[in-house]
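Please keep the sequence and the 3D view open while reading.

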Amino acid sequence: MEDGEPILGSLFVYAPNKVAPVIFAAAFAASAAGHIWQCYCYKCFRVIGLHPVCAVVFSVGYMLREYGAFNYMYSTRNLLVFIFSQVFIFVCPPLLELANYHVLGRIFYYVPYFAPLPAGRVLSTFGGLMLIVEVLNSLGVSFSANPSASQSRQDLGQNLTIVALAIQLAVIVTFVVLAALFHRRCAKAGLRSRAVSTPLATLYASMALILVRCIYRLVEHLGNTTVRLKDLEALRSLSPILRYEWFFWVFEATLMLVNSVIWNVWNPGRYLPSDHHIYLARDGRTEIQGDKGRDERPMLAKAGSILTFGVFFRDKKGSPPFQELSDLPVADRQT
């Protein structure tokens, strides 16, 4: 309810809105259709393929929430629908964050001589971290979303979610450090290509949205989240974030929809080549096609470069990891 007064037996704690889920399910479906068309048109599914997948999952999650809006009182069937809707909605943001790391790695492939981390290591390193976050997040949501679970099981779910969100916050900070260091190197070298600046600006906006959403979720789980469906006083003592539905629609649904739409508007396929063996020359105007060269540095130097984000132990030659084969015009993309 809008006044924050809980309803006994409601899986949502309140009587959920019946209109908003339809709007967001339709909006995410439209965004998914746009992403699928753009992936086909720009041949960029490998770069941004997680976005159409997540948009579809979001849409299904909000469809299930619409069912729950009319069937929110506790029963076995309603509980299963509620848990699946929660998992589908909350499982996607870490995947969208992973998609951002994929885009950053693709930018590093395009301008390898300023990359603070080898492009191939971006996805493998952050992908491993986000896999941990995804597992912890999925388990945490499934445990804590079940109001019929034991107190210890709900507490475990809450703790797992807090750990996942803390790791996610740390990874976001690391991302910002990497992107800012790369951006600074490009600026110092006078590289002003739109093929680099536009995807980077979109990444910053996307990570800001995910960061705000992550903080919202962390604050939610640091409060009282133990749901006792038949105890009115216990429900009244819950965190306001759980008792007022508008928090969810503003800081969860809206932020993630905006994140999906900005990637529709500034799809990286419009700016970056589909082939990661095509690199931007140092003049910022021509592209060079070639093969990745070998990094001849000792293993310890490579490890030191990775651990310090390329600040130390950089390749002294300063040459890009490829052999120049041919110059290609870039007029077909917005550089």
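In this predicted model, the lining of the largest cavity draws at least two residues from each of helix 4 (76-90), helix 6 (119-144), helix 8 (194-222) and helix 10 (240-243). Helix 8 gives the largest share of that lining, with 4 residues. The volume of the largest cavity is about 380 Å³.

**Cavities**

- The count of cavities of 30 Å³ or more comes to 3.
- Which residues lie nearest the centre of the largest cavity? They are Phe-82, Gln-86, Phe-90, Glu-220 and Leu-242, out of a lining of 23 residues.
- By class, the lining of the largest cavity is made up of 15 nonpolar, 4 polar and 4 charged residues.
- The second largest cavity has a volume of about 40 Å³.
- Lining the second largest cavity are Lys-43, Cys-44 and Val-47, together with Pro-268, Gly-269, Leu-272, Pro-273 and Ser-274.
- The classes in the lining of the second largest cavity are 5 nonpolar, 2 polar and 1 charged.

**Second largest pocket**

- For the second largest pocket, the volume is about 250 Å³.
- Its lining has 16 residues, and those nearest the centre of the second largest pocket are Arg-46, His-102, Arg-106, Tyr-109 and His-276.
- Helix 2, helix 5 and helix 6 are the elements that give two or more residues to the lining of the second largest pocket.
- The largest share of the lining of this second largest pocket comes from helix 5, at 5 residues.
- The lining of the second largest pocket divides into 8 nonpolar, 5 polar and 3 charged residues.

**Nonpolar cores**

- In soluble globular proteins, nonpolar side chains tend to be buried together.
- The largest nonpolar core here has 82 residues, and Tyr-62, Tyr-101, Val-111, Phe-182 and Val-196 have the most contacts inside it.
- Helix 5 (residues 92-110) gives the most to this core, namely 10 residues.
- What does Phe-182 contact beyond its neighbours within four places in sequence? Its partners are Ile-107, Phe-108, Val-111, Phe-114, Ala-115, Pro-116, Val-196 and Leu-200.
- A second, separate core has 5 residues, among them Ile-162, Leu-165, Leu-169 and Cys-214.

**Cysteines**

- How many disulfides does the structure hold? The number is 0.
- Cys-39 is in no disulfide, and the nearest cysteine sulfur, that of Cys-44, lies 4.4 Å away; a disulfide would need the two sulfur atoms within 2.5 Å.
- With a relative accessibility of 6%, Cys-39 counts as buried.
- Cys-41 is also in no disulfide, and for Cys-41 the nearest cysteine sulfur is that of Cys-44, 8.5 Å away.
- Cys-41 is partly exposed, at a relative accessible area of 36%.

**Gln-38 and the end of helix 1**

- Gln-38 is a residue of helix 1 (residues 20-42).
- Is Gln-38 buried or exposed? Gln-38 counts as buried, because its relative accessibility is 9% and the cut-off for buried is under 20%.
- Not counting residues up to four places away in sequence, Gln-38 touches Lys-43, Cys-44, Trp-263, Asn-264 and Asn-267.
- Two of these partners, Lys-43 and Cys-44, also belong to the lining of the second largest cavity.

**Positive phi**

- Most residues other than glycine have a negative phi.
- Val-13, which is not a glycine, has a positive phi near 85°.
- Val-13 sits in the segment before helix 1 and counts as buried, at 5% relative accessibility.
- Lys-43 likewise is not a glycine and has a positive phi, of about 55°.
- Where is Lys-43 placed? Lys-43 is in the loop between helix 1 and helix 2 (45-48).
- Lys-43 counts as exposed because its relative accessibility is 60%, whereas exposed requires over 50%.

Terms used. Residues are numbered from 1 along each chain as its sequence is written. This is a predicted model: local features need pLDDT of at least 70, side-chain atom pairs count only at pLDDT 80 or more; totals for chains, interfaces and linings use all residues. Side-chain values use heavy atoms; hydrogens and water are left out. On a 1 Å grid over the protein atoms alone, a cavity is a set of points where a 1.4 Å probe fits but cannot get out, and a pocket is an open set with protein on both sides within 12 Å along at least five of seven lines; lining residues have an atom within 4 Å of a point. Grid points are joined across faces, edges and corners, and a volume is the space filled by probe spheres set on the points. Ala, Val, Leu, Ile, Met, Phe, Trp, Tyr, Cys and Pro count as nonpolar, Asp, Glu, Lys and Arg as charged, and the others, Gly among them, as polar. Buried means under 20% relative accessible area, exposed over 50%, partly exposed in between (1.4 Å probe, protein chains only). A nonpolar core is a set of buried Ala, Val, Leu, Ile, Met, Phe, Trp, Tyr and Cys residues joined through side-chain atoms within 4.5 Å. Contact means heavy atoms within 4.5 Å.
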